[in-house]
Amino acid sequence: MKNSKANTKGQKKGAKRTGNAKQRVIRTGKGLFYGDVLSSTFFSRYKFTVVLVIGMLMLYITYKYECQTHMETIAKLEKELTIVKSESIREQSTYKSRTRESAMQHRIDSLNLALRPQDKPPYKIKY
């Protein structure tokens, strides 16, 4: 008989525990809905933690904003760098072509060949 009483007591205790858990969940849901969870007692108990969490959130937002602005600046500078590089290559090729032409002209003049560059572009003869 003791065994049957022990089983019924164990079952009753288990039933009460699940009932209490359900009531806690319901109370927590109502507490969230009615604002009981974030009451003044919550803030007075956890004021250091709340301040720490808010501070960390503010730091996160600040660093994220800084990173975004720096990334935009980097992208703008990279675009500008590619433009400057292409202009540099173009100027360099123009300079090299002019120096080659002037060097050839000096050599022709030094040999007294009486040659000069054409004024008109060459044309093809069709046959």
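Just after H3, Asn112 takes a positive phi of about 55°. Most residues other than glycine have a negative phi. With a relative accessible area of 66%, Asn112 is exposed. Here exposed means over 50% relative accessible area, buried means under 20%, and partly exposed lies in between (1.4 Å probe, protein chains only).

Leu115 is also found in the segment after H3. Leaving aside neighbours within four places in sequence, Leu115 is in contact with Gln105 and Ile108, where contact means heavy atoms within 4.5 Å. Leu115 and Gln105 are 10 residues apart along the chain, and their C-alpha atoms are separated by 8.4 Å.

Residues are numbered from 1 along each chain as its sequence is written, and side-chain values use heavy atoms, with hydrogens and water left out.

The predictor's confidence in each residue is its pLDDT, from 0 to 100. For the protein the mean is 79, and 71% of its residues reach 70 or more. Among the elements, helix H1 (residues 2-34) has the lowest mean pLDDT (57), and H3 has the highest (92). Where pLDDT is low, the predicted coordinates should not be read in detail.

## The overall picture

The protein has 3 helices and 0 strands, and reading along the sequence gives the pattern α-α-α. Of the 127 residues, 2% are buried. The protein exposes about 13,000 Å², with carbon and sulfur atoms supplying 62% of it; such accessible areas come from the Shrake-Rupley method with a 1.4 Å probe, and for residues only the protein chains shown count as cover.

## A look at helix H3

Phe48 has its place in H3 (residues 47-110). At 65% relative accessibility, Phe48 counts as exposed. Together with Leu52 and Met56, Phe48 forms a nonpolar patch on the surface, with about 360 Å² of accessible area. Patches are made of residues with over 30% relative accessible area and no salt bridge: nonpolar side chains (Val, Leu, Ile, Met, Phe, Trp, Tyr) are joined within 5 Å, and like charges within 9 Å.

## One charged pair

Side chains of opposite charge can pair when their charged atoms come close. A salt bridge is a side-chain nitrogen of Lys or Arg within 4 Å of a carboxyl oxygen of Asp or Glu, and the count comes to 1. Arg90 forms a salt bridge with Glu91, their closest N and O atoms being 3.4 Å apart. Arg90 is partly exposed at 47%, and Glu91 is partly exposed at 45%.

Methods:
This is a predicted model: local features need pLDDT of at least 70, side-chain atom pairs count only at pLDDT 80 or more; totals for chains, interfaces and linings use all residues. Helices (H or I, at least four residues) and strands (E, at least two) are DSSP runs, numbered from the N terminus.
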